[in-house]
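These are my notebook entries on the structure shown below.

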Amino acid sequence: MKPLILLAFGLVFLASCDDEMPRSEEIAIENPTTYEFLRNNESTVSFSGQTARINMGTELIGAMMDFDKTTESLLEMYANQTASGADANPYADASLNESTKSVKSKVAASSDFFSTNSAESARIKSDIGSWIVAQVEEVFPNKDVLAESGRAGQIADGSSVRYVSAKGLEYNQAVNKSLIGALMVDQILNNYLSISVLDAGDNMANNDADIVAEGKSYTSMEHKWDEAYGYLFGLARDESNPLATLGEDSFLNKYLSRVNDDSDFENIASDIFEAFKLGRAAIVAKDYQVRDQQAEIIRDRLAQVIAVRAIYYLQSGKNAIASDDLGGAFHDLSEGFGFVYSLRFLRQANSSNPYFTREDVDGFVNMLTEGNGFWDIDAATLDSMSDIIADKFDFTVAQAAG
Amino acid sequence: MNISKYFFIISIFFVGFIIACDDGDENPSETASFDRREMLTNWADNIIVPAFINYRNYLQNLVESKDAFILRPNESTYDSLTAAWLQAYKTWQHVSMFDIGKAESIGLRNFTNIYPTDNALINENISSQVYNLELPSNFDAQGFPAIDYLLFGIGGSKEQIIEQLSSDDHSQYLSDLINRLYTLTDTVTEDWLNSYSEEFINNDGSSATASVDKVVNDFLFYYEKYLRAGKVGIPAGVFSGNKISSAVEAPYSGIHSKLLFLEGLEAVQNFFIGNHFEKGTRGISLKDYLDFVRPQNNDADIAMNIVDQWGSAISKTQGISDNLKEQVETDNVKMLELYDELQIAVVLMKVDMMQALNIQVDYVDADGD
């Protein structure tokens, strides 16, 4: 069924490419070999805000393992302001302190999924905030205690030390991996690649007429597309050729790299990069049909990245439990928890529907955390979750686990 | 006409039959007919248990030498203590790879030999006198590496070290570390003697949780991570690109690091060949298993290749200083050459051997996150 749809999609795509009947002002798409776009010899690509938020997230995740931090200082790193809304300077990197941007303001904040769903958006922002607080209140005081069922503390994972909640959850992993969905994926798929954002206001007319944003080298539509790109490739050493050094952050980029390393998904990074590049070139050529087709490819592939990684960690956790390696299992399941939480933000291609509803994800979280959480969880539960997730996609649990 | 027709049908039938037979006759049933139980019995009775008993005896010596030193701290008791520490450390190399049963569940290796040791944490534990050695965060503040620091690294001349060690807080910590090594090892040894040997030998199937599959994985993991990387590769900077001479085993005493590596490599070879612990005899082991499946593997002599490769590694150590820290600092190329020889054997074992024996590698390189 699915291959047929893809085939049909491919035919439509080919047909549209073959269609050489230009609209009055249509220009041929010039697809460059790297993500480099110029206007009057000046680069039109900019995503410094995305790079800043990735860096803020990196500092926040690191600080959650610094036992000298307080709830207050960690929450300031999340919101880049004080509890009362005043300016805060919580970061080690001074340029981040100068920035007015923050992680929290863009969590579950996409136009398509959350603009009229502020209750759920607030709930997600607060879930992540609550794990940050719990790290300080539950885990820090027990940093020198051995964890056991129902008691927070430390547990060995090989020769590494993991710090877990009473349910076995590493809150730093929960925050790190949940942000991949709630910040990066949501902003890319449901905001910056959305027609509602790309074509907002006069964007299309301005792009058609090459009217750049005030004081900038880019049109507003070009910039929106680049902001999507920045949430995935914002820390790339060479922003125009990011695949050469994939895996450079602790968020989406890293896990695209991991999935791409699995031979079952070996073209996924290049599919995504090529779609970003062609879509951007299509904007330059004012071909919005090709642009939107590329957005759908990115939606399809990034959804796979998150779902594959969720299953991968659930299965790794299951295998570690089977070999009595609880510390290893808890670490896998903590990462899995965050990827499962991130499922909420995936979007089916050619649709505005999510793959998983709030209720679906709440159900998964409940399966992972009920009773004493990871201390109690069994293989059947982890397999059943993995099956439910894989059923929505074209890959099997075994392929994702490999 | 008729005959040839029948012949044709029969031969089709035959071909089908042969194919079906071939299908059911792949490696698993062949490898299963090797006497795994006899091999497990040899491992337990003639290698693992005697090695643990021997190690425990040397730890007993270490405890006694330590008690004598604390009672009467002087140059003579200090020398006995350091000699007992070295003996115990050498014998540890012969049990480190057997991370199975109680050793695995209590984390014996993590509490025994994680290095580089964290001397700042050790100093903090000593001065605060509040520490819980059962915590994973204290892995690198205990065991042989921490004792190496206390006996050789706390500074000054031998007299000054003895002086410092004889203070109450230092001798208490030293005593706790050594007693803990003994207690942990006693738990593991007693478990082998009381019940685990039988359980280990009875688990003689060929699944991922069977004893053979687990021990072979433990053996390979030890070789790859602890011997090749820990003792040679990491200090030589193979993974980080920067040499880290302080990351050698026992850097404070210095001159024993090559010896400890050679003990480890000898233990690996003894296990592979099936040499009975500290006896001139041998029983069946991986070498025999590989020879047994050799006809199914295009007659490739994997066992000989592996043994020869270790010979090449050993010959590389001949030009290397007894003090690997010094070697890294003065002529690291020799360390890298040794690493390369060790690495070639990883490929021979992890790919050729594991495929030939139809055993799945059950560990992956750590995620790093």
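I took a residue as buried if 20 or more other C-beta atoms, placed from the backbone, lie within 10 Å of its own, as exposed if 12 or fewer do, and as partly exposed in between. Helices (H or I, at least four residues) and strands (E, at least two) are DSSP runs numbered from the N terminus. The model is predicted: local features need pLDDT of at least 70 and side-chain atom pairs count only at pLDDT 80 or more, while totals for chains, interfaces and linings use all residues. Residues are numbered from 1 along each chain as its sequence is written, and chains are lettered from A and ligands numbered from 1 in the order in which they are written.

Entry: chain B. I found 16 helices and 0 strands in chain B. Of its 369 residues, 40% count as buried.

Entry: helix 12 of chain A. I found that helix 12 (residues 268–284) of chain A has 17 residues and reaches 25 Å from its first C-alpha to its last, close to the expected 24 Å (1.5 Å times one less than its number of residues). Of those 17 residues, 13 are buried, so the helix is largely enclosed by the rest of the structure. Just after it, A:Lys286 takes a positive phi of about 60°.
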